[in-house]
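Subject: A structure for you to look through

Dear colleague,

I am handing over the structure we spoke about, and below it you will find my notes on what was found. Please read them with the model open beside you.

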Amino acid sequence: MRLPTIVRIPPALVGLLFLLSTSLLQAATLNFNGSAVTGCSNSGAVYTCASLQMGSTDVAVIASGARVTVNRDVTIEYNQGLTMSGTAMLTVRGNLDVSNTYPPNLNISGGTLVSTAGFFAGAQGNQVIVADITAESMRLGGSPSQAWASPVQIRGNLTATNDISIASRSNITGSISARNVVTDSSVVINGDVDVSSNLILASASTLNGNVEGGSVTLKASETTITGNALVDFLTLEWHGRVQQTITCKSPLSWIIPCICVANGSGYLFGSNSPQCGARPPSGPHHFQIAHPAEALSCAPEKVTVTACSNADCSSAYTSGAQVVVAPGAVQASTGSSGSADLYVSNTAGGTSTLSLTSTPGASNALVCKNSSTGSVSNCQIQFKPSGLQVSGNPRYAEDSAAITISSLQASPSNPSACVPLFKNQVKTIKLKCNYADPGTGTLPARIQNTAGAYVALAGNATSACTTAGADVALQFDANGEARPLMLYADVGLLGLNATYSSPGGSDSGLVMSGSGSVIVAPKAFLFSAIAPTQRAGLPALPAASATSITVSAVNASNVVTRNFGRESKEQKVLLGRTLVEPIFSGSANPAASGSVSFLSSNSGPSNGVATASSMIWPEVGQIKFTATLQTGYMDSALQSTGSSAPVTFVPHHFVTELVDAASNQPPFPYTCVAPLVCPSTRAVYSRQPFPLRVTARKADDTTTVNFDARYAAINATQVALRGYDAATGLVDSPPATPAGSSLTDGPATPAAVTGIGLANFTSGVGTRNLAYSFPGAFSLTPGGTALAPPTDLLLRASYSYAGSVLVTSLPAELGKEAQVTVLTGRIFVPNSFGAYQLPARLSLQSQYWTSAGWRVNLGDRASSFSRAQVMLANCLKSLVCSALQVNGQSFIFSGGELVGSGRLVLQAPGAAGSVDVSVTGLPYLPSTVGRVVFGISRSGPVLYMREMY
C-alpha cells in the first residue's frame, strides 16, 4: 500500500503557527469516558463514530476502558491532540495518521491502536507512544528513504499484515509481526520479530530478541541480533552478528547447519558469528509441571506447564503445544514462550494425581516438580479443606516487599468457596525457607513480625535456611490475610512454607499448612573499574589496578548475590552501551559488542561475578557500557540492569594522505621524473603549500564519524603534525644539515604549523594546507645559507587525550603516513640579447638544488605565474621599463621549462638598451635575474643593428 507524502514544515514556522493558532482559538476536548460525544453513538464507554469531528485545536481523550471505533480515516493534525491511557482502544476503519501531530499533544500512555483497512503513520520528532498497534502497514518515523524522518519511541507490540518501516534512531520495545520489516540506521528493537517475508536491519541497529522469518539481512556495519534466528536465508554484511544460534529452516540444515547463511560479516563461523544449529525437533522432548504439594479443596490451584526441548528443560519448545491437564481436563497452549499457567481443582478433597496429554506429543515422560522446593515429585497434590496460602510478587534482592499468607477454609454451605480464618487476629506461624532454584543457598529469608523486627528463618541473618525455621507473630486482617514484609539478600526462586499448630483455645487441635515461592532478582549489575580512555574498535582495557573487567550481580545494598548464575535455566546477560556524547545530527552510535556469562565454569560457580570479554565500541565518543538481562528474571517482569562509569573512546590510529589537485590538473603538485628519485613519486618545493588529509580511523581501518568539529569535548584541541625522514621515520624535521626545517603555512615569512585544529574535521576527516620549509632558499646574495638537497619526508599525525592515550599515524599502530620529497627550488631566468626591432623570447626553467648543482625539475608541470608577476627593472640606455610589453597573461612550466609558444616574450622595444627580468610572488620559487639586451655593442659609444642574419 502506498503511504501518503507528508510535508515537513520548518520548526521555526511551525512554532509561529502554533502560537498564532493557540492565541486565536479555544481548544475543545472530546471526552470518551461514557459521556456523549458529537457525531458518535455510545453504550457506556463503547463508541461508534462515523468520523472524528475535531476542530483545528481540539483534543480527543479516550479514558482507560473506553473503546472507540471510527468508520473512516483519522488524521490528528499538528495543533490537535490525542490522549489515551490504560486499556483505552481506538479502532479506525481506514488510515490512522499521527505523523504530523505536535509531540506534546500526543499523550498515549497506554492502550491499543488499530487500523483495520489502512496504514498507521507516526513521525513527528521523538514521539513516544505506549500502546499495541495493529494495521495493514506502518510507517514509524517516516520512510527510510526520507532523510528528514525523525525517530519515534513505541512501547507495545506491532502487528501488520503487510510492511513496517522504522526511521533512524527509533526505539521499539515490544514484539513485531509483519510481512516485511525495514529499518533505517541505529534502530533499537527490544522484542521478538516474526516476518513472513523479509527483515532488513540497517547499519548500527540492534534487535534484542529472537527472529523468525523468511529472508533476514543485517546491513553493514555493527548490526546485531542478540537472540536466535530461525530463517530461510540470512545475509550478514560487514560486522553483522547474531549472538545466539542461527537455525536454517532447510531440511539440509541437519547436514550443513549454516547452509542458508551468506556470511560477509568478516567473522569466521563459530567465532563471534555466526553459530549455527540444526533445526529443533518437531515436538517437545517432554513436559514439566510445577505444582504445590498441598492445595485447598475450595479454590482452584495454579500449576505451570512447560514444554521442554531438552532433558534438563533449560530450553523451551517454542513452536506451541496444545495441552490438556487433569484433574479437571484444563486446556491451554504453551505458545511461543513454551509455558502456560493452568488451574486445577478437587472440591471433594483428597489426593489427586496430575496427568497431561498434548498435541504434538512429547517423546519422553511427564516430569513433575514441587514448585516450592524445586525437587522432583510424584505428581500428586493433596487437596485439604483448610490451609495456608503463601504468595508474593517478584521483587529485588534486599528490597523490602510484602508477602501474603492467607488463612482459608471451605465454606460449610458451599464446598467450592473459601472463607477466611483468623479474622483480625494475631497468630504465630512457623515459617521456613528453602532454595527451590537454585537448589542451594547461603542466606535466609527474614520476615517482619508484629513488633516490626525482622526474624531470620535460620540460626541467624547470615546463615542458610534451616528445617527448623522460625516462629513469627503475624497480624491477620478481616480477610484472613497477613502481609508481612520480607527481605532476602540473595537471588533465585525462594520457597516459603507456613504451618500453624493451634496451642489451644477456640481452634484447639487445628493444624494447617501451605507453601509458595517468591522470585527474587538482582537489583542491578555493577562493573569493575574500566580504564577511562579506550581506542575505537579495540577490546576495552580494565583500570590499571585490575587484570580484567568484571560484572557483578548485586542486591539493593550493592552486595554481590552469590546465587546468580546457578539457576537451572541460564539467566543471560547482554552487554550494551548508552551513548553519553556526542549527540549531533548524523552522529554515530553503533552497538557495543562483548559477552559475559555467569554460568559455572571448570573452576567453579561464578558466585555472582563474571568476567566481561571483548567489550568493543567502534566509534569515537563517550559511552557507558551496560549489562541487562536478556529477558525478565526467571521469566518474571523484573529487569535487572547496570552501567559502567563513562568511558571515552578516541581514534585507534590516523592516516595522513596527500590530496591530489582537481581531476583536470596534474597530480599533487607534480610527480618525480628521473633523475629525481622519490619514495612516493610525489614532490613539492620548500615553502610550497599543499593539501594534507588526516583521517581518524577505527581498529578495522574504517573511518570514524564522531571525530568531528561538532563534538564539543574534542573541539578545543588539535591533531599534532610533524615531519620525519622517510627512510627511518626517526629524524625529526630533516635534513640534519642544514638544520632548522619546519612545517609552516608557506609564505616568504612563514608561520609555524603544529597541527590541524579539530574544528577542521567532519565525520572523521580533516584537511588543511601546509608547507615544509627549509631554513634557507635560493638567494642572489652571496654567502647565503647552505641549501638543502632533495629530502624525503613523511608526515605524522598524533593526538593526546587527557595525557593518557597517544594516538598516532605510525604503521606500528596500523596507521599510514603520507610521504613527499621536498626540494629547494628556484626559477632560472636566462640572459638574452638581440635586435631592438625584434621580440626577446626567454625559456625560463623551474629548477631544484642537488649536491651536484641545479637541475631542471622535469616533473614540474604545475608551477605557474602571471604577467603581473614578471618584474622588469634596471632599464638602461634608451629603454623605459614601464614602456616594455610582455606578451601573454599567464605562464605554466611544462617539464620544468617555458618552451615553444609558452615562453616569456618581451615585445620589441624599438630602441636599444637593456633590462633585468625576474619573477616575483612565489616564495617557494625565488627567481634569478636575467639580463636582456636589445641591440649589439660595437667599439665606440654607439649601438647598431645586425646587418646579416
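This is a predicted model: local features need pLDDT of at least 70, side-chain atom pairs count only at pLDDT 80 or more; totals for chains, interfaces and linings use all residues.

Residues are numbered from 1 along each chain as its sequence is written, and side-chain values use heavy atoms, with hydrogens and water left out.

Salt bridges

D477 takes part in a salt bridge with R483, whose closest N and O atoms are 3.0 Å apart; the term stands for a side-chain nitrogen of Lys or Arg within 4 Å of a carboxyl oxygen of Asp or Glu. R483 is itself partly exposed, with a relative accessible area of 46%, and a network of salt bridges links D477, E481 and R483. By this rule, the structure has 19 salt bridges.

Another of them joins the side chains of E212 and K249, at 4.0 Å from N to O. This pair links distant parts of the chain, 37 residues apart, since E212 lies in strand β24 (residues 211–218) and K249 in the loop between β28 (245–248) and β29 (261–263); strands here are DSSP runs (E, at least two residues), numbered from the N terminus. E212 is partly exposed, with a relative accessible area of 36%.

R697 and D701 also form a salt bridge, with their closest N and O atoms 3.1 Å apart. In this pair R697 is buried, at a relative accessible area of 14%, whereas D701 is partly exposed, at 26%.

Strands of a sheet pair through backbone hydrogen bonds, either parallel or antiparallel.

Strand β78 (residues 845–850) is joined to β75 by four bridges, and G825 stands opposite Y848 in β78. On its other pairing, β78 meets β79 in the antiparallel sense over four bridges, with T850 having G853 in β79 as its bridge partner. β78 and β79 form a hairpin with two residues between them. Five of the six residues of β78 are buried, so that the strand is mostly covered.

Cavities

How many cavities of 30 Å³ or more does the structure hold? It holds three, a cavity being a set of points on a 1 Å grid over the protein atoms alone where a 1.4 Å probe fits but cannot get out. The largest cavity has a volume of about 40 Å³, a volume being the space filled by probe spheres set on the points, which are joined across faces, edges and corners.

Among the residues lining the largest cavity are S686, R687, Y924 and G825, where lining residues have an atom within 4 Å of a point. G825 is also the residue that stands opposite Y848.

With best wishes

Terms used. On a 1 Å grid over the protein atoms alone, a cavity is a set of points where a 1.4 Å probe fits but cannot get out, and a pocket is an open set with protein on both sides within 12 Å along at least five of seven lines; lining residues have an atom within 4 Å of a point. Buried means under 20% relative accessible area, exposed over 50%, partly exposed in between (1.4 Å probe, protein chains only). Two strands pair if DSSP finds at least two bridges between them.
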